[in-house]
Amino acid sequence: MSGHAGAVSQLVDRLSQLPGIGRKSAERLAFHLLRVREDEALALSDAIRRVRTDVRYCADCYNLSEKELCQICADPKRDRTRLCVVEQPRDLLSLEASGAYKGLYHVLLGRIAPLDGVTPDQLTIDSLVDRVRTGNFSEIIMATNPTVEGDGTSLYLSNQLGEFPVEITRLARGITAGSVLEYANREIIADALTGRQKL
Ligand SMILES: [Zn+2]
């Protein structure tokens, strides 16, 4: 963007690199930040700094956490016989929002996608297999997204976990094939959990 001071132009550049933010929105946000009170604008940069320095992955499940264990893993009331496998922390949030699940999670941090160069070793699969080997799980629920890659990932995992005495299920297909967990509403997710089927 020409005609703006260097700092403004730099902020607009940065903002427009964020997903879903076009050039026009970036300009709007930049001018908004110039207009609001200074402490309000700086609170945003603080929040960004904190999220990058204080937030890490839970040592057990790879959910986002500010401590070694996330709130779910640290909660003694969770059902430790059930483990729900999701692709991303935001999928975990969608399942939690449904209120229909009280077990533990495992976040893969992606899905197997050979065309994008994502191979099993880049995900948290080794750690999942370890947890199933050493834990007391009776059921592993595959809650990867109902996409070709999500389904392929589930299948790969159920093969990897085949040697353990656990039941492997997957979410019912209330969630339309091709849609993603992140955008499904609570009722649909709750239904998908209740109606889960043997994989
Ligand atoms: Zn955790």
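Me: Why is R23 called partly exposed?
Reply: R23 has a relative accessibility of 35%. Partly exposed is the range between buried (under 20% relative accessible area) and exposed (over 50%), with a 1.4 Å probe and protein chains only, so R23 counts as partly exposed. This is a predicted model, in which local features need pLDDT of at least 70 and side-chain atom pairs count only at pLDDT 80 or more, while totals for chains, interfaces and linings use all residues. Residues are numbered from 1 along each chain as its sequence is written, and side-chain values use heavy atoms, leaving out hydrogens and water.

Me: What makes the contact of R23 with D13 a salt bridge?
Reply: The closest N and O atoms of R23 and D13 are 3.0 Å apart. A salt bridge requires a side-chain nitrogen of Lys or Arg within 4 Å of a carboxyl oxygen of Asp or Glu, so the pair of R23 and D13 qualifies.

Me: Why is E139 called buried?
Reply: The relative accessible area of E139 is 7%, so E139 is classed as buried. Its salt-bridge partner R196, with an N to O distance of 2.5 Å, is partly exposed at 26% relative accessibility.

Me: Which residues are joined with E139 and R196 into one network?
Reply: D79 and R82 are joined with E139 and R196 by salt bridges that share partners.

Me: How many salt bridges does the structure hold?
Reply: The structure holds 12 salt bridges. One of them pairs E149 with R111, the closest N and O atoms being 3.0 Å apart.
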